[in-house]
Amino acid sequence: MKLLIIGANGQLGQDCLQTLTPQHTVLCCDVQEVDITDAPQVAGLFATHQPEAVINCAAYTAVDACETDQQRCMEVNAHGPQLLAEQCDKYNSRIIQISTDYVYDGKTSGTATIPRRRRDYAPFNVWKKQTQRR
Ligand SMILES: NC(=O)c1ccc[n+]([C@@H]2O[C@H](COP(=O)([O-])OP(=O)(O)OC[C@H]3O[C@@H](n4cnc5c(N)ncnc54)[C@H](OP(=O)(O)O)[C@@H]3O)[C@@H](O)[C@H]2O)c1
């Protein structure tokens, strides 16, 4: 499968790269090549590579900084993934968005699905609220 790892220079991106490279054709990019908050850049990335699946490992992970830089947090952790999802829809690609226990409380057994009701999660900081917004 032709995979595209976004945020490939980060911790998670590097782990995905090492794990998936033996079995798949893996393409990588990070913010130096494509900023996921930049719609034309994201569109160009998909037009060029047309991946079958995308793993989004890009994130604004400075949780404390999100409290003071809320706009950028929203752009990177919510708007960027939305742009990726829209392009995946356009090219009929799968998208994998990875989260942490900052979003899910770990109380659900098995595979967690996207929380649809407010009572299913309890945001306690800006980072978590932004990841839940879309
Ligand atoms: N580690 C944590 O504390 C933490 C906290 C919250 C969520 N997560 C989740 O874990 C995953 C990533 O974690 P990680 O530990 O691998 O984080 P990481 O090491 O900080 O990697 C994130 C990568 O995303 C890149 N990036 C940031 N903004 C971008 C943009 N606008 N466009 C494209 N790339 C961008 C970063 O580049 P630069 O380094 O150059 O900015 C970095 O290479 C995400 O799914 C995230 O939701 C992790």
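In which strand is the place of Q97? Q97 has its place in strand β4, strands (E, at least two residues) and helices (H or I, at least four) being DSSP runs that are numbered from the N terminus. The model examined here is a predicted one, in which local features need pLDDT of at least 70 and side-chain atom pairs count only at pLDDT 80 or more, whereas totals for chains, interfaces and linings use all residues. Residues are numbered from 1 along each chain as its sequence is written.

The secondary structure of the protein comes to five helices and four strands, and from the N terminus on these elements follow the order β-α-β-α-β-α-α-β-α. Of the 134 residues in the protein, 30% are buried, a residue being called buried if 20 or more other C-beta atoms, placed from the backbone, lie within 10 Å of its own, exposed if 12 or fewer do, and partly exposed in between. Among contacts between residues at least 6 apart in sequence, 64% join residues at least 24 apart, where contact requires that the two C-beta atoms, placed from the backbone, lie within 7 Å.

The four strands form an open sheet with parallel pairing, in the order β2-β1-β3-β4; two strands are taken to pair if DSSP finds at least two bridges between them. At the edges stand β2 (25–29) and β4 (94–97), each of which pairs on one side only, and neighbouring strands of the sheet are turned by 20° against each other on average, direction ignored. Strand β1 (residues 2–6) pairs with β2 in the parallel sense over five bridges; K2 stands opposite T25 in β2, and the bridge partner of I6 in β2 is C29. Because four of its five residues are buried, β1 is largely enclosed by the rest of the structure.

Helix α1 lies across β1, β2 and β3 (53–56), running at about 160° to β1; axes are lines fitted to C-alpha atoms, for helices over the stretch in contact, and angles between N-to-C directions run from 0 to 180 degrees. Helix α2 (residues 39–49) packs against helix α4 (residues 70–91) at an angle of about 35°, with the two axes 10 Å apart. In this contact A39, V42, A43 and F46 of α2 meet L83, L84, Q87 and Y91 of α4, and by class the contact has seven nonpolar residues, one polar residue and no charged residues, with Ala, Val, Leu, Ile, Met, Phe, Trp, Tyr, Cys and Pro counted as nonpolar, Asp, Glu, Lys and Arg as charged, and the others, Gly among them, as polar.

The ligand is surrounded by 23 residues, of which G7, G10, L12, A58 and A59 are the closest; a residue is near a molecule if its C-beta atom, placed from the backbone, lies within 6 Å of it. This shell divides into 11 nonpolar, 10 polar and two charged residues. Helices α1 (11–20) and α4 each supply at least two residues of the shell, and the largest share, three residues, comes from α1.

As regards Q97 in strand β4, this residue is partly exposed, because 15 other C-beta atoms lie within 10 Å. Leaving aside neighbours within four places in sequence, Q97 is in contact with N56 and P81. Q97 and L84 are 13 residues apart in sequence and, from C-alpha to C-alpha, 9.9 Å apart in space.
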